[in-house]
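Good morning, everyone, and thank you for making time for this. Please have a look at the structure on the screen, and then I will go through a few places in it.

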Amino acid sequence: MSNLIILPIIFPFIIGAVLIFFSKSSRAQRIISGISALLMVGISAYLAVLAFQQDTVILESGDWVAPYGIILVLDNLAALMVLITSILAASCLFFAFGTISKKREKYYFYPFYFFLIVGVNGAFLTGDIFNLFVFFEVMLLASYVLIVNGGSKYQLRESFKYVILNIFGSALFIMAIAWIYSVTGTVNMAHLSERVAEINQPGIVTVIAVMFFIVFGAKGALFPLYFWLPKSYYGPPAALAALFGGLLTKVGIYAIIRMFTLVFYHEPLFTHKGIIVTAAGFTMLLGVLGAVSQFDFKRILSYHIISQVGYMVMGLGIFTPLAVAGAIYYIVHHMFVKTALFLLAGATEKITGTTDIKAMGGLIKSQPVLTWSFFIAAISLAGIPPLSGFFSKFPIILAGFQEGQWVISAVALLVGLLTLISMMKIFGYVFWGENKLTERQNNMSVTNLLIPIAPLVAFSIILGFAAEPIFTYSLHIAEQILEPSNYVNAVLKE
Amino acid sequence: MEILIIIVAGIMIGASVYLMLSKSLIRIIIGTGILSHGILLMLLTMGGLKRGGIPVLDDSVQQYSDPLPQAMLLTVIVITFALTAYMLVIAIRVYRELGTDNVEELKGVPREDD
């Protein structure tokens, strides 16, 4: 229907390939990558409007009709995710210009950065599970290289574990694809949805559903498969940690939402309200407990990723339009706020030269803009009313109470409180208190680093104050994805 | 035939899990290699192992074996090949920089180096 929707995949791919030739000149790399990151934002904004007007846009690659060829599907959810991805990518890229070392830059940092975007966008747009696997691998291979880029001892040690765990996860993904292929005889998602609905074999299909949940849960850092995340995300420089924290786990969550609304919705009492909600509860609680116990800026934020992933999955697990809309709103909010927080941690590290919050203090006097940006992002993360965090947690918890899921809703409320405590712990140690900085650190200016963060903090405020139109939009998305026949009919054209 | 191959694949995956839980880096990498073999065997078997011609178009052949799992298999083979090559390089770097191939010793205080 429209060839445009391949642009979020092909455009960064071409740019990444071109950048390989300029690896020696950091100036040329910065100009090319900067301009194309901004172009990406434009392209994906246009696609989001297109998806909003036409509901579902599909592209059959090579003119092979739906179940036989690979298709790309751009519905509202995918368009939204692609749009946020490109905004975050641009932000982190401009932040990287100011922070990343020449040595890292020379060894193909920017090409792999764009290949990572190729994988993420591809995973959002594809309509075929084997193709989803391939794009996962594109994304993961780029992330393996980026996470070890620089080659410090810490990075080598932790990225080896990251690579092994993800290879095992990918092997399970192949196994799950093999099983579902043997049961249904297809790998196209719309066709799968149709066949799983009419095959009427709940036993084996539920087993496969749980297998997919384990696979995507390992990518998305859900209980009990989250242990790799805090250490791996600690190693790479701040710009990358921010991009990973904002994007990579959310690809897993997106895949869970896609599979469990489109294909595996036959037995929601066991899969959604049983397994997913339980996993979400433990993820939220254990993630935030880890965060409360830490005294390191980046590590606290890494543990918070885990607990917030739990909220999104909880929204899916409750499985009403209100809850799923809340989960989508939460993903949007979380991606902006978490990236902003990681970048602010990076700016603080640039000033103080450490990430240990006990070694810092009194930044409020020399860095008022940084302090208040952090304050806004932190209370937004904890869910204080005028900001985005409140309006995304509120529908999820409200839907939890409406559906009688008392335990999980109580856990969600408690986790909000603990999030606030750990955020205020950072604020108290780093920004308040006696000034522990040297003269040179006091006079340091980080304005060039704060500019890329500003739009993200602004988005957090806008998402809070313009809650009504945005919530209407996410409710629209939720209703669209909770009615799989929309997707199936658009793809298979019946 | 399928049952036999599934048992073989199960043994391979079991062996790979055993190897991946061991302490030496190189044994872990061998484990991932065997794991991918087991998974690929499963993928092939799940498409069905019925008798048929090779999937190359030929007028005399009445029935072909399923071509789709074979295509998926080829993709997965090259991906796992790339991953194995990358992991071996990482293992060499880990050995050179940290001076050990024992995963028990790959822990400690963060950031003591840079």
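Predicted model: local features only at pLDDT ≥ 70, side-chain atom pairs only at ≥ 80, totals over all residues.

In which loop of chain A does Tyr226(A) lie? Tyr226(A) lies in the loop between helix H9 (202–219) and helix H10 (229–232) of chain A, where helices are DSSP runs of H or I of at least four residues and strands are runs of E of at least two, numbered from the N terminus.

Residues are numbered from 1 along each chain as its sequence is written, chains are lettered from A and ligands numbered from 1 in the order in which they are written, and side-chain values use heavy atoms, with hydrogens and water left out.

Back to Tyr226(A), which is buried with a relative accessible area of 16%; buried means under 20%, exposed over 50% and partly exposed in between, with a 1.4 Å probe and protein chains only. Apart from neighbours within four places in sequence, Tyr226(A) is in contact (heavy atoms within 4.5 Å) with Ala221(A), Leu286(A) and Ile306(A).

Ser302(A), found in helix H13 (residues 297–318) of chain A, is also buried, its relative accessible area being 0%. Not counting residues up to four places away in sequence, Ser302(A) touches Leu229(A), Pro230(A), Tyr233(A) and Phe342(A).

Turning to the strands, S1 (residues 57–60) of chain A is covered on both faces, with Val57(A) and Leu59(A) buried on one side and Ile58(A) and Glu60(A) buried on the other. S1(A) pairs with strand S2 (residues 71–74) of chain A in the antiparallel sense over 4 bridges, where pairing requires that DSSP finds at least two bridges, and Glu60(A) stands opposite Ile71(A) in S2(A).

Finally, between the chains, the axes of helix H6 (residues 129–148) of chain A and helix H3 (residues 67–98) of chain B come within 12 Å and cross at roughly 10°; axes here are lines fitted to C-alpha atoms over the stretch in contact, with angles from 0 to 180 degrees between N-to-C directions. H6(A) is therefore roughly parallel to H3(B), a term for angles under 35 degrees, with over 145 roughly antiparallel, 65 to 115 roughly perpendicular and the rest oblique. Among the residues making this contact are Phe130(A) and Leu141(A) of H6(A) and Met72(B) and Tyr86(B) of H3(B).
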